[in-house]
Amino acid sequence: MNTTIMTWVERRGSAFIQGRIGPNRVGPLGLFQPIADVIKFIMKEDTYYPHVNKWLFILAPALSLIPAVLALAAIPFGPVIQIFGYQTPLQIADLHIGLIYILAVSSLGIYGILLGGWASNNKYSFLGSLRSCAQMVSYEIALGLSIVGVIMVYGSTSLSEIVIRQGGSFLGFIPKWGIVTQPLAFILFWIAAFAETNRLPFDLPEGETELVAGYHTEYSGMKFALFFMSEYIAMFTMSCLLATLFLGGWQFPPGIHELIYGLGLSTNILGVLHFLSFFIKVCFFLWCYVWVRWTFPRFRYDQMMKLGWKVMVPIALVNIIMTGFGLRFFL
Amino acid sequence: MSQILFYVVALLSLGCALSVILQRNPVYSALSLVGFLFLQAVYFVILRAYFLAVVQVLIYAGAIMVLFVYVVMVMNLSSDDLPRLHFKPVSIFLGGLFASILFYLFQSDKPITRIQALVVENNITEIAKLLFSEYVLAFEYISFLLVVAMVGVVVLNQRTQS
């Protein structure tokens, strides 16, 4: 669902940025274009080549999609609501190690790309998957280290716990969100999130000008669509994580919080409003993905590695030490 | 329910483990090892040691094995390139040694108490408490060892480049 809408947003958004119209034929504003795309993907011939490694070739798209979907399970979309008298949190699995779980599961997504490239037995695919592998492993470190600061400040690895502790405000108008308490971690995490999802300016695995289409060059039909979907779902997960860790998840901004709670609404309506608050934040980050994609050029490979290892990892380490001192002396 | 799950996972992981050593193609071997390590995480989930399970996936399946698979794929050896090793007496001896150690461990009925800390709810705090009180020395030793290994790798790499 999210994928189909995002493809539409991506195409219309890119057209908007480049001064084009974009897909506008199927349905109002071209909104049914994604459905047409899905039908096209399913109807398309599923091509095999004699030189591919058949089993791994079939396995790879599934291996890249499953971790992406699994990671979504731990995202808290809203607070606890009541359905037919039952207390239900708007979260599929409230794990007390939710944050580490998401990191672990999304680190498995590499295998899909790696296998896809290798099984295709094509030099472009293979180069693409090697690049992607090196890139994701490197940026995972910066990603993990930047989260440590957030865990230290909010004292929990459970995502729902972190969101609850981001409620309230300093001086009545500055929210206690991660972006205020951990601005450096926010920037690092955001950059690493772009690299982890293989999006521009870090889309070296599929750099069209160099590698045809990267690791999925040999794929067609629904198998290609699975790779495509897993990329978009990974984007969605990363946006959710950004919103959860740094923009207070489903919390309202301080002023609006008092306003809405002053109305005396029932728990369920509040739940829906909280979900909307979360959704708007996620949409902002998703739009940034599209925005950045059509704004920045691609990094060169050595530049990207230098940024990851020589800039982001040291800054993340410094951030952890600073957070430690901050917690020791100011709280 | 968890018993059925245990037997299914046990069979699967045995299959994976056998395939690690029996496959001729190194890529398949490495992939079977990934599967095996992932199934080990499932054991930890059955034991309710969620933190261990997640760390198992994150470190072994997600990081270390990715590099293994990466290297094996870059070398892209076919089974003909590999020398056929004949270490039969040695391997029988080592296998026997390992089996007897395992047998000894299963025979002795020492109660395993420390594992309890890994099983309680919210075990991340419990593990942290144990690590920084009772096992703090071992913990520091291991970190020291890792730092030494890391510095060693960097030094060795630079020597080969210049």
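## Exercises on a predicted two-chain model

The contact between the chains takes 17 residues from chain A and 17 residues from chain B. Keep in mind that this is a predicted model.

**Exercise 1.** Work out which helices of chain A supply at least two residues each to the side that touches chain B, and describe that side by residue class.

*Solution.* 
- Step 1: Go through the helices of chain A; α4 (98–107), α5 (109–119) and α6 (123–154) each supply at least two residues of the side that touches chain B.
- Step 2: Look for the largest share, which is five residues and comes from α4(A).
- Step 3: Sort that side of chain A by class, and you get 14 nonpolar, three polar and no charged residues.

**Exercise 2.** Decide whether A:Gly98 is buried or exposed, and find its contacts beyond its neighbours within four places in sequence.

*Solution.* 
- Step 1: Count its C-beta neighbours inside 10 Å, which gives 26. The cut-off for a buried residue is 20 or more, so A:Gly98 counts as buried.
- Step 2: Set aside the neighbours within four places in sequence, and A:Gly98 is in contact with A:Ala74, A:Thr157, A:Ser158 and A:Leu159.

**Exercise 3.** Summarise chain A as a whole: its secondary structure, its buried fraction and the sequence range of its contacts.

*Solution.* 
- Step 1: Tally the elements of chain A, which come to 14 helices and four strands.
- Step 2: Chain A has 331 residues, and 47% of them are buried.
- Step 3: Take the contacts in chain A between residues at least 6 apart in sequence; 80% of these join residues at least 24 apart.

**Exercise 4.** Now over to chain B: describe how α1(B) and α2(B) pack, and which residues meet.

*Solution.* 
- Step 1: Helix α1 (residues 2–22) and helix α2 (residues 26–46) of chain B have axes 8 Å apart and pack at an angle of about 160°.
- Step 2: Angles over 145 degrees count as roughly antiparallel, so α1(B) is roughly antiparallel to α2(B).
- Step 3: For the handedness, α1(B) passes α2(B) in a left-handed crossing.
- Step 4: Pick out the residues that meet; among them are B:Leu5, B:Phe6, B:Val9 and B:Leu12 in α1(B), and B:Leu33, B:Phe36, B:Leu39 and B:Tyr43 in α2(B).
- Step 5: Sorted by class, this helix contact has 13 nonpolar, seven polar and no charged residues.

How values were computed: Residues are numbered from 1 along each chain as its sequence is written. Chains are lettered from A and ligands numbered from 1 in the order in which they are written. This is a predicted model: local features need pLDDT of at least 70, side-chain atom pairs count only at pLDDT 80 or more; totals for chains, interfaces and linings use all residues. Axes are lines fitted to C-alpha atoms, for helices over the stretch in contact, and angles run from 0 to 180 degrees between N-to-C directions. Angles under 35 degrees count as roughly parallel, over 145 as roughly antiparallel, 65 to 115 as roughly perpendicular and the rest as oblique. A crossing is left-handed if the near helix is turned anticlockwise from the far one by less than a right angle, and right-handed if clockwise. Two residues are in contact if their C-beta atoms, placed from the backbone, lie within 7 Å. Ala, Val, Leu, Ile, Met, Phe, Trp, Tyr, Cys and Pro count as nonpolar, Asp, Glu, Lys and Arg as charged, and the others, Gly among them, as polar. A residue is buried if 20 or more other C-beta atoms lie within 10 Å of its own, exposed if 12 or fewer, and partly exposed in between; C-beta atoms are placed from the backbone.
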